[in-house]
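Biologist: Could we go through this model together? I would like to begin with the ligand.

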Amino acid sequence: MKRVITFGTFDVFHIGHVNMLLRAAELGDHLTVGVSSDELNFSKKQRYPVYRQEHRMGIVQSLACVDNVFVEESLELKGEYIKQYEADVLVMGDDWAGKFDYWGDLCEVVYLPRTAEVSTTDIIQSIREDLG
Ligand code: C2G
């Protein structure tokens, strides 16, 4: 059984997230997703997600292509998560290209192209403009 792991915030869930998870799942037989905690998101982006952690996890877990979800508490724990979930492949969007090559000793590292022209930041911005 080939196990795949990927990570993300998946805030204001959109088609770019779906495309990433479907393609990640196709690279193996089992997909584990690390969903960034609210605190990790704050430390990375200086803002809390729109959807709280439990809701973001519930959405990701509900997808047919996802077998398992857990909370990603820290970027530094990637190696521990790869070992804990026995991942053979780490998949990330190409906005992270090169950033996770370090883990190539533990598993295969694959970067997939992002879906063009959709992002949580743009969605938040357009809602702000519509309501503003
Ligand atoms: N994504 C995509 N296309 C988009 C937007 C996002 O393919 N238009 C992908 C990202 O490349 C990522 C996944 O969807 O692989 C989740 O995206 P984010 O929620 O933006 O993830 P991020 O906040 O970058 O968290 O440990 C790493 C982090 O947890 C990654």
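Biologist: How far does a polar side-chain atom of Lys-45 lie from an oxygen atom of the ligand?

Modeller: The distance is 2.9 Å for Lys-45, a polar contact being a pair of N or O atoms within 3.5 Å. Ser-36 also places a polar side-chain atom 2.8 Å from a ligand oxygen. This is a predicted model, in which local features need pLDDT of at least 70 and side-chain atom pairs count only at pLDDT 80 or more, while totals for chains, interfaces and linings use all residues. Residues are numbered from 1 along each chain as its sequence is written, and side-chain values use heavy atoms, with hydrogens and water left out.

Biologist: What about Thr-9?

Modeller: An N or O atom in the Thr-9 side chain is 2.8 Å from an oxygen atom of the ligand. The protein buries 95% of the 640 Å² that the ligand exposes when taken alone (Shrake-Rupley method, 1.4 Å probe).

Biologist: Turning to the sheet, what is the strand order?

Modeller: The order is S3-S2-S1-S4-S5 in an open sheet of 5 strands with parallel pairing. Strands are DSSP runs (E, at least two residues) numbered from the N terminus, and two of them pair if DSSP finds at least two bridges between them.

Biologist: Why is one side of S3 and of S5 left without a neighbour in the sheet?

Modeller: Strands S3 (68-72) and S5 (108-112) stand at the edges and each has a single partner strand, so one side of each lacks a neighbour there.

Biologist: How many bridges join S4 to S5?

Modeller: There are 5 bridges between S4 (residues 89-93) and S5. Leu-90 stands opposite Val-109 in S5.

Terms used: Helices (H or I, at least four residues) and strands (E, at least two) are DSSP runs, numbered from the N terminus. A polar contact is a pair of N or O atoms within 3.5 Å; within protein, one must be able to donate a hydrogen and the other to accept it, and residues adjacent in sequence count only if both atoms are side-chain atoms.
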